[in-house]
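Dear colleague,

Please find the structure below, together with its sequence.

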Amino acid sequence: MGAENPALHEQVHTLYSDHHRWLLGWLRTRVSCSHQAADLAQDTFVRLLGAHQTGNPLPSIREPRGFLTTIANRVLVDWIRRRSIEQAYLDALALQPEPCAVSPEERELIIEALTAIDRLLDTLGERPRQIFLMAQVDGLSYVEIGRRLGVSVTTVRKHFIRAMASCLQQLDD
Amino acid sequence: MAVSDSSSEHPGANLASPDTATLEAAAEWYAELREAAPDSPRHGVHRDWLDQHPSHRQAWARVEKLNQQFQTAPSGMLQPILKRARSTRRRSVELLLILLMVGVGILGGGWQAGLHHPLMADHATATGERRQLRLADGSLVHLNTGTALDVHFDDKQRRIHLRQGEIQVATAASDDKRPFFVTTAEGRVRALGTRFLVRRQGDQSRVTVLEHAVDIHPAQAQGAVTRLDAGYQAQFSDNQTTPPQPVTGRPAAWVQGQLIVSDWSLARFVEELSRHHKGVLSHDADVADLRISGAFHLHSTDALLDNLAGTLPVRIRRFTPYWVRVEPLE
């Protein structure tokens with residue numbers, strides 16, 4: 001796919017050679033670990049290459065560094081999300097009464113799934129989010145959810161469908 | 001690359017994604033079947049629905065994908081983990097740095113070109129593309145050609161930030177108490193249970209109210225609010241709002257993929273059409289004042305232009321597929 005857009009590749013290549021080192025320095029002031037900063041810089045450029053999927057070439061950039069830091073910020077926000085999930089997962093594991101063995105591969109899959117779910121639920125309000133999780137995770141019936149939250153079954157159903165539709169809309173085929 | 005080779009609303013996509021209505025139908029099926037008895041006849045009806053159209057299967061594949069993610073996550077720990085992760089993020093120093101950075105960047109205004117690029121937006125349409133978007137509260141947003149927006153929903157408000165282009169917002173008739181805003185670089189529009197259009201042009205935002213009313217607050221006009229009722233439109237810059245004018249014509253026809261005009265000059269028509277046309281669309285000064293009325297389909301600007309040549313004394317000259325000019329017949 002990417003090779004179909006030589007102009008974009010050329011543009012990203014120029015950005016990379018002119019500003020990669022600078023971006024790395026910028027990221028290092030935001031994350032403590034330099035390996036992490038290197039990964040984040042890499043992800044920033046990979047995301048630029050993904051731009052062809054939107055069908056838009058990059059704009060003629062007057063301030064390439066401002067542009068790069070905006071993209072890098074998005075990458076950072078995603079990274080913060082993932083790290084917060086990872087930490088919360090490890091904390092939850094530590095609280096388990098029985099130590100459970102999770103292989104590194106399994107752990108990676110679990111953290112990825114948790115991160116994806118967290119992102120999908122981001123746009124929902126507090127109430128729909130709660131209803132969706134009670135149904136989807138706890139497996140409660142609409143009647144039971146309605147009883148616990150003191151709302152009608154119709155409201156529960158409506159919020160559940162909306163939350164579900166919102167998740168489906170954000171997923172890729 | 002072919003130009004307007006079909007009526008596809010999603011240029012570049014190999015296989016069209018299921019539309020909003022199909023995804024909503026899939027969500028409803030899921031909601032129903034999770035409480036249906038194993039021997040319920042509804043399962044058979046659901047299978048028929050799946051067979052009706054490939055997009056139904058595609059939508060259902062997303063349901064399965066979502067369930068897959070929930071199965072991978074440890075169900076007993078899932079909710080405490082999400083809760084804890086959210087609260088750590090709220091306190092995160094890095095996040096604070098990012099927010100500060102973005103704030104300074106906007107005030108500095110130095111990298112406008114980058115900031116306004118659709119790549120940075122949550123949702124965007126290419127030239128000639130139109131799309132609809134169902135928000136988490138059930139409100140429906142239509143994006144016209146060349147539009148980019150961000151969605152900011154939180155506990156206190158529902159907000160859409162329109163970076164460029166044009167949207168129609170139909171807020172959901174719901175019990176949601178959070179206020180609904182559309183913001184632009186020029187200011188803020190508050191929806192009062194309503195359907196309305198917001199369009200950005202240069203350093204102006206134009207609001208057209210189709211149902212109920214909105215309040216307009218230009219960003220720099222302290223406390224100055226203009227109430228705009230159904231059937232009226234107004235423009236605002238960052239410090240003032242023009243007096244409301246009655247709506248003329250059918251400004252929301254693009255939602256149905258149409259451009260409906262009554263006694264427009266050809267110059268205005270070509271200008272409006274060029275928003276939907278991939279490439280350069282221009283006209284000769286000699287035809288600028290020709291008058292035009294009618295309803296036109298936007299899905300192919302090329303077909304539309306050819307059609308024009310049949311009704312007006314003009315010819316369409318194509319230097320390349322991207323560079324098109326409307327000229328006098330002789």
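B:D263 lies in strand β13 (residues 258–265) of chain B. Helices (H or I, at least four residues) and strands (E, at least two) are DSSP runs, numbered from the N terminus. Although B:D263 is not a glycine, its phi is positive, near 55°. B:D263 counts as exposed, with 9 C-beta neighbours inside 10 Å. For burial, a residue is buried if 20 or more other C-beta atoms lie within 10 Å of its own, exposed if 12 or fewer, and partly exposed in between, with C-beta atoms placed from the backbone.

B:H212, placed in strand β9 (residues 204–218) of chain B, also has a positive phi, of about 55°, and is not a glycine. B:H212 is partly exposed, as 14 other C-beta atoms lie within 10 Å.

**Basis of the model**

This is a predicted model, in which local features need pLDDT of at least 70 and side-chain atom pairs count only at pLDDT 80 or more, while totals for chains, interfaces and linings use all residues. Residues are numbered from 1 along each chain as its sequence is written, and chains are lettered from A and ligands numbered from 1 in the order in which they are written.

The model scores ipTM 0.83 and pTM 0.52. Chain B has a mean pLDDT (the predictor's confidence in each residue, from 0 to 100) of 83, and 86% of its residues reach 70 or more. Within chain B, confidence is highest in strand β6 (residues 166–170), at a mean of 96, and lowest in helix α6 (residues 112–115), at 39. Two stretches of chain B call for caution in reading. Over residues 1–14 of chain B, pLDDT stays under 50, and the model has 21 contacts beyond four places in sequence for them. Over residues 102–116 of chain B, pLDDT likewise stays under 50, with 24 such contacts in the model. Two residues are in contact if their C-beta atoms, placed from the backbone, lie within 7 Å.

**The two chains**

Chain B has eight helices and 17 strands, and 32% of its 330 residues count as buried. Of the contacts in chain B with a separation of 6 or more, 43% are between residues 24 or more positions apart.

Chain A has seven helices and zero strands. Of its 173 residues, 34% count as buried. For chain A, residues 24 or more positions apart account for 66% of the contacts with a separation of 6 or more.

**Helices α2 and α3 of chain A**

The axes of helix α2 (residues 34–49) and helix α3 (residues 64–94) of chain A come within 9 Å and cross at roughly 115°. Therefore α2(A) is roughly perpendicular to α3(A) (angles under 35 degrees count as roughly parallel, over 145 as roughly antiparallel, 65 to 115 as roughly perpendicular and the rest as oblique). Axes are lines fitted to C-alpha atoms, for helices over the stretch in contact, and angles run from 0 to 180 degrees between N-to-C directions.

On the α2(A) side, the contact involves A:L40, A:D43, A:T44, A:R47 and A:L48, and on the α3(A) side A:L68, A:I71, A:A72, A:V75, A:L76 and A:W79.

A:G50 is found in the loop between α2 and α3 of chain A. A:G50 is partly exposed, with 13 other C-beta atoms within 10 Å.

Yours sincerely
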